[in-house]
Amino acid sequence: LATGIHSALLARTGAEDRGLRGNEFYVLREAPELAVMVTIGFVSNEEEKKKLITETYQQQVAEGMAEAIVEYLQR
């Protein structure tokens, strides 16, 4: 699921590819069910902040995540 979301977000938004990380976060490692944590961007980065606050970018992110989740569930 994480790989699908990652790929879909990169394709939809053209964001910088910061790669995937494994279960190094407690919230993911200890989750009783499938869990994915997505970092869309950082508001402390002015360039990213400008994109994050736009409706267009938010829509691209939402559509990319939804597309990946639906694809995952259909397998």
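Predicted model: local features only at pLDDT ≥ 70, side-chain atom pairs only at ≥ 80, totals over all residues.

Me: What span should helix H1 have, and what does it have?
Reply: H1 covers residues 2-13, and its 12 residues should span 16 Å at 1.5 Å a residue. The end C-alpha atoms are 16 Å apart, so the two agree. The expected span is 1.5 Å times one less than the number of residues. Helices here are DSSP runs (H or I, at least four residues), numbered from the N terminus.

Me: Which residues of H1 are buried?
Reply: Ile 5, His 6, Ala 8, Leu 9 and Thr 13. Buried means under 20% relative accessible area, exposed over 50%, partly exposed in between (1.4 Å probe, protein chains only).

Me: What do they pack against?
Reply: Helix H4, residues 55-73. Contact means heavy atoms within 4.5 Å.

Me: Why does Thr 13 count as buried?
Reply: Because its relative accessibility is 16%.

Me: What does the Thr 13 side chain reach?
Reply: The backbone oxygen of Leu 9, at 2.6 Å. The Thr 13 side chain also reaches the backbone nitrogen of Ala 15, at 3.1 Å. Just after H1, Gly 14 takes a positive phi of about 70 degrees.

Me: And which residues does Thr 13 touch, not counting those up to four places away in sequence?
Reply: Tyr 57, Gln 60 and Val 61.

Me: Where does Gln 60 lie?
Reply: In H4. Gln 60 is partly exposed, with a relative accessible area of 25%. Not counting residues up to four places away in sequence, Gln 60 touches Arg 12 and Thr 13. Gln 60 and Leu 9 are 51 residues apart in sequence, yet 7.7 Å apart in space, C-alpha to C-alpha.

Me: New topic. How much space lies in the largest pocket?
Reply: About 900 Å³. Of the 34 lining residues, His 6, Gly 19, Met 37, Val 38 and Thr 39 are the closest to its centre.

Me: Which element gives the largest share of that lining?
Reply: H1, with 6 residues. H1, helix H3 (46-52) and H4 are the elements that give two or more residues to the lining.

Key. Residues numbered from 1 in each chain as written. Heavy atoms only, no water. Polar contact = N/O pair within 3.5 Å; in protein donor to acceptor, adjacent residues only side chain to side chain. 1 Å grid on protein atoms, 1.4 Å probe; cavity = no way out; pocket = protein on both sides within 12 Å on 5 of 7 lines; lining within 4 Å. Points joined across faces, edges and corners; volume = space filled by probe spheres on them.
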